[in-house]
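Me: I am new to reading protein structures. Could you walk me through this one, feature by feature?

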Amino acid sequence: MLGIILEVISRRIVRLFVAKKSKSSMFRCTVYANSIHQYIVMNLLRYYMNEIESHTQALTKLVRQYVMTDQAVVYSLPRISKEEEQEIIDDDYDVIPVTTLTGEEAVETGIEAFQDMYVFNNDLSRRFVQKYPGILPLSCPATIVEPTLTALNQAKQAFKQEVQKFDGPDEKFFEVHDRFNYLITTMAYRKIYHFNGDYKAFYFNWSRRPRVESDTRQNWLDKLERARATIPANHTRESWYALLDADIQKVSEVMQPKLSVRRPIKLRPECSVRDKENKMLGYSAGLPFILTGFTEKPRVTTLKDYVRKPPQTHTANWQLVVPRMHLYQKLK
């Protein structure tokens, strides 16, 4: 409620100052009004972050009090280092080993997951968000935990909406990351899913969302030229330029006017949840699920190690041009 009030006050102040008729003071009023608006927005971010942290602390207390330790399970995934980051971007994952945690270890890791929003270690990737698939069953009724979970998820959504109001990455970095040092916004946004009642099964698995990006051959050439400005950590200037020159040569030799990047990205753990009516829905498994109000223990499948398989591309219709970029031309 306080956040909504601050937002309304902020907008009214801006309109009030800008509505002044004097042309000589219009510019000063506008600058002053925008400064007030910026100040209020920043306090909104701080307010919502405080709400996230407060409700997270309340949730961890409830989990510790009511968790059914013998049924708790969390699947631990390795963190991605800065050194591995670019290699995965260029060539994808080969293997992701999964460690199954149960009992107290699962509970403590689950609680850590709810609190994990920052990456302080500069040796770890900040582009690949850490995932914590799992499930924490609680012995309490839904009415005990639901108010806290609802308030927490609402605070996360409100924080996300405020962050997304900033124009461009530079303003976002200054207003958010320069003030919330080492915060990973996507980790702060993540919803905590709550399931109440009896469910047949929770099927944990790996999933991808496909990405297809098409552009003209000339625009791809322009992008490759601009890539000279940023040299990856695993390349020298000479090796990076040589690689780009080879890619440019390959694209230049293509006769098709358009090319497409065709690769599955955003590999992530998901969970297909089957209810008592055999209806099944998929959910992102970035954080452990909370389960309450059940009378029968559901089946929980093990998240297996991810092992890369050959890409399934219709080679009859597409020809690979630049393997590093997953750039294809469509055959006639």
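**Reading a model step by step**

Reply: Happy to! With 2% relative accessibility, I192 counts as buried. Keep in mind that this is a predicted model.

Me: Where does I192 sit in the chain, and which residues does I192 touch beyond those up to four places away in sequence?

Reply: I192 belongs to the loop between α7 and β5 (194-196). Not counting residues up to four places away in sequence, I192 touches L59, F114, L149, L152, N153, L287, P288 and I290.

Me: What percentage of the contacts between residues at least 6 apart in sequence join residues at least 24 apart?

Reply: For this chain, the share is 81%.

Me: And what does the chain look like overall: how many helices and strands are there, and what part of the chain is buried?

Reply: The secondary structure comes to nine helices and 13 strands. Of the 332 residues, 41% count as buried.

Me: How should I read a nonpolar core?

Reply: The general idea is that in soluble globular proteins, nonpolar side chains tend to be buried together. In this model, the largest nonpolar core has 39 residues, and the members that touch the most others are L59, V63, F114, F159, L183, I192 and I290. Two or more residues of this core come from each of α2 (23-66), α4, α5 (142-163) and α7 (185-189). The largest share, nine residues, is given by α2. There is also a second, separate core of 22 residues, which includes I88, A285, F289 and L303.

Me: Let me pick F114 from that list. Which residues is F114 in contact with, leaving aside its neighbours within four places in sequence?

Reply: F114 is in contact with T56, L59, V63, L136, I192, L287, P288 and I290. F114 is also one of the buried residues of α4, together with G103, A106, V107, T109, G110, I111 and A113.

Me: How can I check the length of a helix such as α4?

Reply: Compare the expected span with the distance between the end C-alpha atoms. At 1.5 Å a residue, the 13 residues of α4 should span 18 Å, and the end C-alpha atoms are 19 Å apart, which agrees.

Me: What can buried residues tell me about how a helix is placed?

Reply: An α-helix has 3.6 residues a turn, so residues three or four places apart point the same way. Now take helix α8 (residues 217-226), whose buried residues are W220, L221 and L224. Seen down the axis of α8, these buried residues fall within an arc of 100°, so they line one face of the helix.

Me: Which residues have a positive phi although they are not glycines?

Reply: Y182 is one of them, with a phi of about 70°. Y182 lies in the loop between α6 (168-177) and α7, and is partly exposed, with a relative accessible area of 37%. H326 also has a positive phi, of about 55°, and lies in the loop between β12 (318-322) and β13 (327-330).

Technical notes. Residues are numbered from 1 along each chain as its sequence is written. This is a predicted model: local features need pLDDT of at least 70, side-chain atom pairs count only at pLDDT 80 or more; totals for chains, interfaces and linings use all residues. Side-chain values use heavy atoms; hydrogens and water are left out. Buried means under 20% relative accessible area, exposed over 50%, partly exposed in between (1.4 Å probe, protein chains only). The arc is that of the directions from the helix axis to the C-beta atoms. The expected span of a helix is 1.5 Å times one less than its number of residues. A nonpolar core is a set of buried Ala, Val, Leu, Ile, Met, Phe, Trp, Tyr and Cys residues joined through side-chain atoms within 4.5 Å. Contact means heavy atoms within 4.5 Å.
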